Amino acid sequence: MKKFSLVCRLLGTLFNRAPDDAVVTPLLTMIEQGKLKPNWPLNQDALLERMQQSVDLIALTADYHALFIEQGGAVSPWRSSYVENEEEDAVRVFLQQRGMPLKEGAVDHFGALLLAASWLENCALVALIHPNHSLVTFLQLELFRV
């Protein structure tokens with residue numbers, strides 16, 4: 001797995017699921033025990049050490065819910081909240097055209113988009129999608145309309 005894909009998969013999971021989710025708690029345990037550091041592809045030792053010292057499942061879960069889940073949360077995790085005149089279906093169509101298997105429901109969650117980016121890189125579809133752009137450039141052009 002390439003660095004970009006690993007970072008997208010990890011951050012996508014953390015944004016896409018609450019800290020008390022059964023998929024996330026082992027990841028938080030790895031962070032707390034310092035086991036993520038040897039596998040993290042970026043030079044961020046100080047940040048990882050700070051994260052290791054501040055893993056508090058109750059506080060993280062409360063913050064996650066206040067930010068993303070509760071009615072009128074502080075931040076919308078949905079792309080469609082920020083891109084005018086475009087529905088979530090545009091992301092679904094984009095991903096389906098590239099062969100990504102999707103479940104029912106919204107797919108334009110920030111965490112899900114990071115997971116999709118990891119999937120796209122892992123499947124080596126970038127070259128097939130647009131051979132003249134890197135994955136980051138392509139996602140900026142197609143998903144975020146930068």
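Helices (H or I, at least four residues) are runs assigned by DSSP and are numbered from the N terminus. Leucine 11 belongs to one of these, helix H1. The structure shown is a predicted model, in which local features need pLDDT of at least 70, side-chain atom pairs count only at pLDDT 80 or more, and totals for chains, interfaces and linings use all residues. Residues are numbered from 1 along each chain as its sequence is written, and side-chain values use heavy atoms, with hydrogens and water left out.

The empty spaces come next. Rolling a probe the size of a water molecule over the atoms shows where empty space is left. On a 1 Å grid over the protein atoms alone, a pocket is an open set of points with protein on both sides within 12 Å along at least five of seven lines, whereas a cavity is a set of points where a 1.4 Å probe fits but cannot get out; lining residues have an atom within 4 Å of a point. Grid points are joined across faces, edges and corners, and a volume is the space filled by probe spheres set on the points.

The largest pocket has a volume of about 590 Å³. Its lining consists of 24 residues, and Leu14, Leu28, Ile31, Met51 and Leu60 are the closest to its centre. Helix H1 (3-16), helix H2 (25-32), H3 and helix H4 (57-69) each supply at least two residues of this lining, and H4 provides the largest share, six residues. In the classes used here, Ala, Val, Leu, Ile, Met, Phe, Trp, Tyr, Cys and Pro are nonpolar, Asp, Glu, Lys and Arg are charged, and the others, Gly among them, are polar. The lining of the largest pocket divides into 19 nonpolar, two polar and three charged residues.

The second largest pocket has a volume of about 490 Å³. Of the 21 residues that line this pocket, Asn16, Met100, Lys103, Ala112 and Leu115 lie nearest its centre. H1 and helix H6 (110-122) are the elements that give two or more residues to its lining, and H6 gives the most, with five. By class, the lining of the second largest pocket has 12 nonpolar, five polar and four charged residues.

There is one cavity of 30 Å³ or more, and the largest cavity has a volume of about 50 Å³. Ile31, Gly34, Leu36, Lys37, Leu48, Glu49 and Gln52 line this cavity. Helix H3 (residues 45-53) gives the most to its lining, with three residues.

Two of these lining residues, Lys37 and Glu49, also take part in a salt bridge (2.8 Å, N to O). Because glutamate 49 lies in helix H3 and lysine 37 in the loop between H2 and H3, the pair ties together parts that are 12 residues apart in sequence. A salt bridge is a side-chain nitrogen of Lys or Arg within 4 Å of a carboxyl oxygen of Asp or Glu, and by this rule the count is two. The other joins arginine 17 to aspartate 21, with the closest N and O atoms 3.3 Å apart.
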